[in-house]
Every structure is written in C-alpha cells, then in structure tokens.
Amino acid sequence: MHFWDGYRGTSFTELLEAEHPQLKPNLRHWFAEPGQLPPTASGTTCLALRFAGGALVAGDRLATMGNQVASRRIEKVFATDDYSLMAIAGAAGPAMEMARLIGIQFEHREKIEGAPLELEGKANTLAQLIRQNLPAAMQGLAVLPLFAGYDRRRRTGRVWKYEITGGRYEESEFECVGSGAIFARESLKVSFRENAQRADALRMAVQALTDAADEDRGTGGVDDERGIYPNVKFCTAEGVESAPDEEVAGAWREVLVARRRRRE
Amino acid sequence: MSLPFYVNPEQMARDKSEYARKGIARGKSVVTLECGAGVLIVAENPLKLQKLGEIYDRIAFAGVGRFSEFERLRKMGVQWADVEGYRFSRDDVRGKALANLYAQALGEEFTRSSKPFEVEIVVAEVGDAELAGQEANAIYQVSFDGAIQDHEGYCVIGGSIHALQRHLETNYRANLELGAALRLGRDTLQRAENGNPNLRSGDLEVIVLDRRRSGRRFRRLPPEEVQQILG
C-alpha cells in the first residue's frame with residue numbers, strides 16, 4: 001500500500017491497468033495467430049424491453065460449442081448493480097468476464113465517490129469496455145451485450161444495444177441479440193405493447209424466446225422435463241428482481257395455450 | 001556541508017505523537033457498536049463530508065482527524081478490497097487483513113515522514129452466520145503510529161474519549177436492537193468534552209453493517225430514519 005503515488009481515479013479497470021496489469025483480462029493473448037480460434041461456447045438469444053415499471057431483460061440458458069451443448073443452465077442475464085441489468089451474447093468466456101468486471105466497476109465507483117453512476121454513465125462505461133475488446137472481437141471473440149436499467153432521475157426504464165466497435169444505441173421499445181435475435185425481434189414486433197404491465201411484459205419476453213428457440217438451434221427453449229426456464233429479470237424503481245421459475249413457467253404455458261388456440 | 005543536528009529518536013517519536021494527538025483531539029468522536037442487527041457506527045458529523053464509508057460486502061470504515069488524510073486511507077481500502085475480491089473471491093476480503101495493511105502503512109508513514117498522519121480509524125466487519133469460522137463481528141482500531149487494537153462490543157475513537165468509554169462500560173449490553181444501540185450511541189457522543197450535548201438527528205452520521213442482508217451489508221441510515229428512531 002502506498003499513500004501518495006497510487007492511482008487516484010474512480011475507475012476499477014484503470015486501477016487494474018495502472019497497478020495490477022497482470023490481472024486485467026487481455027484477450028489479445030488468447031490465441032497465437034489471427035484466425036486460429038479455439039472452440040468457444042456461444043449461441044444465444046437475449047432480449048431487453050421497456051415496460052410500464054421499468055425495463056425487463058431475458059435470456060435463454062443454452063450455451064453451444066459448434067453443434068454440441070456446452071451447458072444447459074448458463075446464466076446470460078446479470079444484475080450489474082441495484083438498478084441495471086446486462087445480458088450477454090457472443091463468446092461466453094469473455095462476455096462473462098466483462099459482466100463481472102462491469103459489476104465491480106460500478107460498485108467501485110459508487111464506493112469511492114459515495115454516489116452511484118447515472119444510468120447513462122453506466123451505459124457509456126460498458127461501451128468503453130467493448131471498445132477495448134475490439135482486437136479480440138476482430139478475431140471472432142466478440143462480446144455483444146444488451147444493457148438496460150431503471151433511470152432514477154428520469155423515472156423510466158431504458159435499453160441500449162452495442163456493436164463491437166463500442167457504438168451504443170438507445171432503443172425506445174425493445175432489442176434482441178444473439179443467434180436467435182432475428183426471430184425474437186419478429187416475435188416482439190407483433191406482440192410488443194408500450195407501457196405494458198409486468199405480467200404482459202413477461203409473457204411477451206417468454207413468447208419471443210420460445211419463438212427464437214423454435215427456429216434457432218443455438219437457442220435453448222423451455223426444458224420442462226429438467227426444469228430449465230429462461231432467466232428473466234425486472235429492473236424498476238424498487239431495484240432488480242428475478243422472475244421466479246414458476247412465474248416464467250406459467251407465462252410459457254399461457255404462450256402454448258394461445259398457440260394451440262390459434263391453430264384450432 | 002554541515003552535519004544535520006542529532007535528534008534523539010525517542011524525543012522525535014514523542015514530538016510526532018503529541019502533534020498527531022493534538023490534531024485528532026480537535027475532531028469529533030465516532031462510536032462503533034456491535035448490536036443484534038450487526039455493527040452500528042455513529043458519528044457526530046453535521047457536515048456533508050462523510051467520515052464513515054463502505055469498503056466491501058461486510059466491511060466498513062470510520063475515520064477521525066484530518067479529513068483529507070483519512071479519506072485517502074478510505075479510498076485505498078476500497079481499492080485494495082475490490083482488487084482482492086476480483087483476484088480471489090468476495091469471501092476472501094477480510095477486515096483483519098485490511099486493518100493490518102493500514103497499521104503497516106501508517107506505521108511506516110509515522111517513522112519516515114516528518115509530519116505524521118493526524119488520524120485514527122476503525123475497520124469494522126460484520127459476521128456471516130452462513131460462513132463457518134466467520135460468524136463473529138470484528139472491530140479493529142488503528143492509530144496514527146500504526147498501533148492496532150481489536151475490540152469486542154464497542155470502540156470509541158476521536159478526541160476526548162474517556163468519558164465516552166466510561167459511559168459505554170456501564171451501559172453497553174450485547175445484542176441490543178438497532179434503535180436502542182443508536183440511542184446509546186447518541187447518548188455516548190453527547191458526553192464528549194468538545195461535543196454537542198444536545199445532538200439531533202441532523203448532527204449524526206449513521207451507518208449499519210446489517211447481518212440480515214446478503215451481498216453488500218453496508219447501509220447508510222437516512223436522516224428521516226435516524227429522526228424516527230431517536231424520536
């Protein structure tokens with residue numbers, strides 16, 4: 001510990017860079033030559049949408065490695081602090097490391113300054129991390145998160161999507177990422193209602209994930225037999241709350257009933 | 001070139017101690033109490049600048065003396081804790097290790113520099129009933145010269161602490177509920193020679209490391225809640 005010559009800023013990642021460079025994840029060293037990518041877990045559908053109380057983020061549970069299952073119960077939706085959520089798509093390893101790092105980044109800044117970042121500040125912090133990951137992304141290890149949260153100043157939910165260069169775009173309704181995103185987006189395009197209540201928002205999300213799982217082999221659907229349900233998290237003025245599995249299962253059954261009715 | 005004057009090291013240490021003690025004595029006191037809810041820290045502090053801070057999941061910091069100096073110590077603690085938790089795991093960040101680091105850093109600063117830190121700090125850690133071997137609370141006090149002490153039940157730092165300690169000796173009970181502990185803290189602070197004998201909720205800074213929470217146990221009690229408890 002040194003008193004006067006240490007790092008004085010509020011950023012955890014900068015602190016790592018300045019004082020503990022060996023701890024900073026540096027994906028540039030993950031592979032020997034360009035194009036030589038080891039097999040990594042990927043494949044996903046995640047979505048974020050705004051509803052009356054704030055924002056919802058949901059994701060399936062499957063991770064694939066090529067055409068094989070890497071994990072059936074992976075979590076892709078993280079609470080990065082009390083008022084923000086992140087869903088990850090892309091290479092699972094770097095994406096989960098990024099989620100962990102961003103959570104610490106928010107907490108660190110809150111403790112050092114005695115006040116949390118504004119939601120927009122959090123969204124920008126994530127953009128910087130994604131930009132730093134660009135060299136790895138160019139090799140195929142892209143991390144494409146969704147970021148959402150409850151803005152306590154504006155009293156509303158907000159949703160952002162990103163691109164690998166760190167570009168950040170705010171969405172006014174919903175956004176999806178991952179290999180099944182195109183199908184989830186089509187589903188939400190039909191079902192989305194503005195200012196939906198919590199239960200309706202949950203149903204829209206579960207329906208979109210179920211539709212994506214139908215069409216995309218990289219996306220896991222509801223596995224009733226093993227008791228595996230998508231992760232759904234709400235972020236409202238009261239903070240982050242996970243939807244219990246029973247509630248998600250209930251919404252899923254409603255979706256199935258509605259489908260059957262449509263066919264009859 | 002002239003030789004520097006010889007100064008007796010004992011004399012030098014005494015002078016520095018006296019200087020540091022004077023600085024600390026000017027400040028208001030801080031009381032740390034173990035209670036049923038966890039660990040409660042009460043400071044007489046009508047200002048916006050905070051003396052109490054969150055370090056990590058179960059660890060809090062309290063400082064008295066020169067603000068810029070203990071604020072630097074607090075930030076160093078947060079940096080250390082976040083790096084440690086990132087490097088290993090959240091359960092590996094322990095109050096004792098942090099208190100030892102502070103003791104080492106302050107001790108070195110005391111011997112090396114001509115102006116010692118005018119601070120006294122407390123590192124408090126709340127226990128976790130779910131973690132075997134870590135169920136108990138811990139309160140460590142570190143002084144300007146790096147002297148470290150651990151306390152059971154309560155701890156007072158700051159200026160004229162004897163009257164405060166006497167009050168706690170007779171009135172402290174284990175497992176007080178939060179309200180009673182806060183009232184005891186307020187009553188204790190009112191006995192300080194340089195303190196305010198009629199402390200109101202706005203004059204107090206109060207934090208609790210709440211045993212019943214999970215994850216980050218640190219909670220700052222808003223003035224309305226303090227007001228409600230003190231009546």
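**Close-up 1. The neighbours of A:Leu47 in this predicted model.** A:Leu47 touches A:Leu56, A:Val57, A:Ala58, A:Leu146, A:Glu175, A:Cys176, A:Leu188, A:Ala205, A:Ala208 and A:Leu209, leaving aside residues up to four places away in sequence. Touching, or contact, means heavy atoms within 4.5 Å. As a guide to the labels, residues are numbered from 1 along each chain as its sequence is written, and chains are lettered from A in the order in which they are written. Local features need pLDDT of at least 70, side-chain atom pairs count only at pLDDT 80 or more, and totals for chains, interfaces and linings use all residues, while side-chain values use heavy atoms, with hydrogens and water left out.

**Close-up 2. The largest nonpolar core.** Here you meet 29 residues, and A:Leu47, A:Leu49, A:Leu56, A:Leu188, A:Leu202 and A:Val232 have the most contacts inside this core. Such a core is a set of buried Ala, Val, Leu, Ile, Met, Phe, Trp, Tyr and Cys residues joined through side-chain atoms within 4.5 Å, where buried means under 20% relative accessible area (1.4 Å probe, protein chains only).

**Close-up 3. Where chain A meets chain B.** Chain A brings 24 residues to the contact and chain B brings 27 residues. Three salt bridges are counted between the two chains (a side-chain nitrogen of Lys or Arg within 4 Å of a carboxyl oxygen of Asp or Glu).

**Close-up 4. The salt bridge of A:Glu110 and B:Arg216.** The closest N and O atoms of this pair are 3.4 Å apart.

Methods
Buried means under 20% relative accessible area, exposed over 50%, partly exposed in between (1.4 Å probe, protein chains only).
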